[in-house]
Amino acid sequence: MLNFKIGAISKKRLTATFGLVLQIATGILAFYWVIRWSGISFDQFRERAVQVSPILISLGILSFILTALLNALRYRLFLQGQISIRYLTGLFLVQNALLTITPWRVGELSYPILLHRDYRISLARSGTALLLIRILDLSIFVFNS
């Protein structure tokens with residue numbers, strides 16, 4: 001469907017690149033809005049950012065990446081399918097973004113809907129996997145408290 005070439009770049013790759021640029025631009029605009037909303041100047045932000053240890057920033061970034069990969073592996077374990085870790089990592093990131101932005105945990109709906117759309121996994125199967133994952137999360141929380 002999207003397999004014809006535009007020069008050396010396929011339309012699918014061009015669309016993916018445009019999506020990535022749009023995500024980066026949205027992130028920059030959101031960052032700008034948060035800085036302006038918080039009432040601090042960019043100079044104050046720069047002064048505080050320079051004081052942060054690069055080692056701690058690196059550890060934070062590595063921890064975030066590890067969390068995303070481990071959650072993708074957990075999704076893959078509960079789905080027992082041949083879905084790529086790359087896709088499941090993206091799904092985890094989309095789900096968490098929606099959980100952060102939307103009210104009433106609407107982001108949880110993205111998991112079964114996107115799996116159904118992209119891999120034709122039934123809503124019942126993906127919903128059951130998500131429910132099992134959340135029960136596992138709850139049990140870890142309850143038994144370690």
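Visitor: Which residues touch the most other members of the largest nonpolar core?
Guide: This is a predicted model, in which local features need pLDDT of at least 70 and side-chain atom pairs count only at pLDDT 80 or more, while totals for chains, interfaces and linings use all residues. Residues are numbered from 1 along each chain as its sequence is written, and side-chain values use heavy atoms, without hydrogens and water. A nonpolar core is a set of buried Ala, Val, Leu, Ile, Met, Phe, Trp, Tyr and Cys residues joined through side-chain atoms within 4.5 Å; buried means under 20% relative accessible area, exposed over 50%, and partly exposed in between, with a 1.4 Å probe and protein chains only. Of the 16 residues in this core, those that touch the most other members are Leu79, Ile83, Tyr87, Leu88, Leu91, Tyr111 and Leu115.

Visitor: Which elements give two or more residues to this core?
Guide: Helices (H or I, at least four residues) and strands (E, at least two) are DSSP runs, numbered from the N terminus. The elements that give two or more residues are α3 (54–79), α4, α5 and α6 (123–143).

Visitor: With which residues is tyrosine 87 in contact, leaving aside its neighbours within four places in sequence?
Guide: Contact means heavy atoms within 4.5 Å. Tyrosine 87 is listed above among the core residues that touch the most other members. Beyond those sequence neighbours, its contacts are Leu114, Leu115, Asp118 and Tyr119.

Visitor: What pattern does the protein follow along the sequence?
Guide: The secondary structure comes to six helices and two strands. Read along the sequence, these elements give the pattern β-β-α-α-α-α-α-α.

Visitor: What is the radius of gyration of the protein?
Guide: The radius is taken over C-alpha atoms, and the globule rule is 2.2 Å times the number of residues to the power 0.38. For 145 residues that rule gives 15 Å, and the protein is well over this value, so it is more spread out than a compact globule. Its radius of gyration is 19 Å.

Visitor: Is tryptophan 104 buried or exposed?
Guide: Tryptophan 104 lies in the loop between α4 (85–101) and α5 (110–119). Because its relative accessibility is 79%, tryptophan 104 counts as exposed.

Visitor: What is the phi of arginine 105?
Guide: Most residues other than glycine have a negative phi. Tryptophan 104 has a positive phi, near 60°. Arginine 105 lies in the loop between α4 and α5, and its phi is also positive, near 55°.
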